Structures are given as C-alpha cells and as structure tokens.
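Please open the structure in your viewer and keep the sequence beside it.

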Amino acid sequence: MGDQAIALGALNAGISGVYAYPGTPSTEITEFIQGSPITKERGIHSRWCTNEKTAMEAALGASYVGKRALVCMKHVGMNVCADPFVNSAMSGVNGGLVVLVADDPSMHSSQNEQDSRFYAKFAMVPSLEPSNQQEAYDMMKYAFELSEQQGLPVMLRVTTRMAHSRAAVEIEDTPRAENELSFPKNPGNYVLLPAIATRRNKEVIAQQEVLESLACESQYNSLVIPESGKRYAKGVITCGIAYNYLMETFPRGVDFPVLKITQYPIPKKLVKELAAVCDEILVLEEGQPIVEEIIGGVLGSSNVKGRLTGDVNRTGELTPDSVKAAFGLACNKVYEKSEVVLPRPPALCQGCSHRDVYTALNDVIKEYPNAKVFSDIGCYTLGALPPFRTISSCIDMGASITMAKGAADSGLFPAIAVIGDSTFTHSGMTGLLDAINSKASITVVISDNLTTAMTGGQDSAGTGRIESICLGLGVEPEHVRVMLPIPKNHDELCSIIREEIEYKGVSVIIPRRECIQVMNRKLKQKRANKA
Ligand code: SF4
C-alpha cells in the first residue's frame, strides 16, 4: 500500500518520531509505524497527537534538537496545522522534517477536495508528489535529505489512490541510524520576532531560485522529447500519479513530449523547453489546476489546456478514463463506480451509541420548534441522514460548539452541539472555553465512544478525562452530566437533555459507551490470544 511504503521509507530514513492525527487516507502510515518492529526496537515516538497543529509543533521540536520527524495528516488537517507549518519555513529546521499530506480528490471521505500543493507554495517550501508506490518509498529518504540540506520542511503530497492502492516495492535492507541530538546552527531563527522574521523571509525568498533549480535537475522530474528538432502538435505535463494514468492510457509508449513533475517548485525551465517544441500543452494534475494556472502565466500562452479549460474534468479524481477523454480517445468507463455500490448510503452501525443519543435528541427537540443541532466530524455526522435527520451542520473539526454559541449569541433557543470525544479534544475545547467565558446558553453533547471511531478506532486524546476537562474549563459541576446511552436508559437521557436545555448557561452531557466495532475487535483479539 502507498501509505505503508511511505511509513517504511520514513522508518528506513531514520525518523525518531511520527506525529499525526488520524484522517483518511493518511491513517495507515502512522498505524504501520506503530506496529513496526523497528519502532519497538528503537523506541520511536508514535503515539497519536491531539490534533494536526500539536503534531506539527511537536515534530518541529524534535527537528530543533536534530532528530528526523514525520508529520502525517489528511488535507483538511493542513488547515489546522497551517500556522506552525507556514512559520516552520520562517524558523527553518535542523533535523529533517517531512510533512506528509494525503489529499482526497473526489471527496471519498472529506468535506472538500483542497489541494495541499497550494500550502507548500504559500509557505515557500519544496514539495514532492510521487507518481507510484516505489517513488513514494524512495522519496521519503530524499525528502529528509532535502529538508536537512535546505534547512526547510518538505511536504510530501499524495492522493487517495496513491495512499490506498498496492504495488510491489523494492526496499533497502538496513534502516539508517537515527540522528544524534544536536542543536540548530542558527538558534536565533526560531525566535520569530519581526526583525528576525523579516530577515528570514528575505532568505527564504532568495532560496526559491535554488529550490527551483533543484527541481529542474531532480531525478524525479523528467522531460522526454521523442525526437529533437521536431515540432509537436501536443505536449503533456503530468503531476504525481497522473504520470501513471498517462502510461496506462498509452501502454506502448507515447510519441509526444512529456514533462513529468514530481518535485516542486514548478521547474519552469523544463516547462519552457517543453513549450518551445509544442503547439499546445495538456496539463494532467490531480486536485486543483495550480500548474495549469501558473504555466499559463509563465508562457503567456492560451495554448495551455487542462482542468481550467474543461479539457480535463474540473472536479473529482483523474482516472485513466479521464486522461483518454482528454486525448479524444474512446473511453470504456471502466473506472466509474459500479452500480452495485452507488446506491448505498452510509449509516451508523446497528447498536451504535450515537443511535441512542439521536433517538433521545429527536424526541426532545420536537418539543422546541426552533431547536437546531450543530454537529461535527465523526461517525455521528451520519445523524444528518435518515432515519435521524437530527443535525443541521458539519463544517470542520470543533465547529459544532462555536456555531451553537454564535447562534445562541444571536438569540437561538435551544442551541445544541453534538461532538465526539476525539473531535472535542482535537478542536472543541477552545470553543467550549469561549462559550463559558461569554456565559452562552448552549447544550453540548459529547457523544463519547472512547475512541476515534471513524478512522478505525485509534486512541482518543482525552479518554477517561472528558468530564474533568470540562470541569477544568469552567463548566458548572452540576451541569456536567455523564450517563450510559442504551435503549433501556432512553427516558433518563431525554430527561437530562430537557433539564440541560432549560439551563441558561453552558451545560455538557456526556453519553458514554464504547464503539461496538472497537469493542468487538478487542473481544476477538482476546479470544485469539487465549486460543
Ligand atoms: S464505528 Fe463505532 S462509532 Fe462508528 S458508527 Fe460504528 S459503532 Fe458507531
């Protein structure tokens, strides 16, 4: 699996820690590292972090003392860690720091299909985008070397298909040793006071030329022109996995020039060499049309085709089918979803505790015509679908509490938030503090299943301490209500919800029952251990 190749690449590159918050399609990287014998043997840090920002900052700390660190997240996690990520380019790094971001074009498991390459460009750091699993493995070693050589974090961007599809990968036998503890040569760079940041900003801008020439010479980028001196009607630029799709479309090889880009910043010199021999350039890139847009400006040409011009699908993933269509070739649509799986809406598992929570909430809120339930990201988002249809929103991690607060500030009653335990510690706690500070009249339901269920049951940062966190933040003790959500306790849960809705202040209800999928897995494991 691409994710496993990345994990093994990082282990063999000598990381001392992986810092991550689970998110599809990146979760398997950290899970692989957690289960690796190398991790156990070396004592590599691999515990899940509370969110992507804390992960990035901890990795920067590890890098500060000279160690190699990997940060992993899905693309929307990059929004959470944007602050330390962008500023880590200003401080620079000491030990190699690689930020793995897994984008999800077509939104198989996400709220949007944002393209993380924009973040790398925005932060002015190099980024790599493997075109196959072998490159994903090899690039890890290269990314750490590049990071230490340039003193900058390096982004490695993959997409769902790269992360989750499988291929044979050749690996090195001996993992590199971890770095020794060492302190930065320019420790002052880490104190981003305006005078220092201004100098660093100029230095990083000046470094862009070097980064671009490295991209032009990179073993991972290539420009192949079949016959020199010949002029071609069409040339192609592929980014990342799109190279694979192009080769799949033309299995016997191509008779037109191809520029393969897997290392950024965009190698403009190679783009110009390609443009010099072609009448038209087709850009095949996964995500948003960042290369198409930039090279349109570089070449000053209207002969650049791609997602912006409608020659390639503007949204959703690329597939070999969409590449064929861009060449005007007959397309048998083998990559479309089978009709067998199309009409299958997701649903909460039978016996899930969130079902009991939504059943009770629905019974109570029908007594309040203006009631709104703001929710969050997790299995419980499925409460938007039949048969419950309880929730009105799901925007980003933690937004349930702050949206309920904003609506309550504006006069909504009752304003209810539903959030999971892992999402609460990820990004809900600060919003709860806001609500407490302004004495907002909201009812927060922290549906606690003792895990991060949606991504497969990883540890949750606040397990067993959710109520003490709420008390510590300042919720009145009599308005922190913990109960067991099972059908037998339906009336009790309804009464608690009614009482807390009527309380004019911040109340927290914690229905707590373990995710049954995780519980079943534990039972199976227990039985297997006994056998
Ligand atoms: S995985 Fe767990 S939390 Fe998610 S729907 Fe199933 S039982 Fe509920």
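**Stop 1: a salt bridge**

Select R512 and E467, whose side chains meet in a salt bridge at 2.6 Å, N to O; the term denotes a side-chain nitrogen of Lys or Arg within 4 Å of a carboxyl oxygen of Asp or Glu. This pair links distant parts of the chain, 45 residues apart: R512 is in the loop between β17 and α20, and E467 is in helix α18 (residues 466–473). Helices (H or I, at least four residues) and strands (E, at least two) are DSSP runs, numbered from the N terminus. R512 counts as buried at 19% relative accessibility, while E467 is partly exposed, with a relative accessible area of 22%. Buried means under 20% relative accessible area, exposed over 50%, and partly exposed in between (1.4 Å probe, protein chains only).

The model is predicted: local features need pLDDT of at least 70, side-chain atom pairs count only at pLDDT 80 or more, and totals for chains, interfaces and linings use all residues. Residues are numbered from 1 along each chain as its sequence is written, and side-chain values use heavy atoms, with hydrogens and water left out.

**Stop 2: R157 and its partners**

Next, select R157 and D103, which form a salt bridge of 2.7 Å, N to O. R157 lies in strand β5 (residues 154–159) and D103 in strand β3 (residues 97–103), so the pair ties together parts 54 residues apart in sequence.

**Stop 3: the ligand and I516**

Now select the ligand. Which residues surround it? They are L348, C349, C352, H354, C379, N449, A453, C515, I516 and Q517, where a residue is near a molecule if one of its heavy atoms lies within 4 Å of it. From this shell, pick I516, which lies in helix α20 (residues 516–530) and is buried, with a relative accessible area of 18%. Leaving aside neighbours within four places in sequence, I516 is in contact (heavy atoms within 4.5 Å) with C349, Q350, G351 and C352.

**Stop 4: helix α15**

Finally, select residues 353–365, helix α15. Because 10 of its 13 residues are buried, α15 is largely enclosed by the rest of the structure. Among the buried residues are H354, R355 and D356, and the elements covering the buried residues include β12 (372–375) and α19 (490–502).

Terms used:
The expected span of a helix is 1.5 Å times one less than its number of residues.
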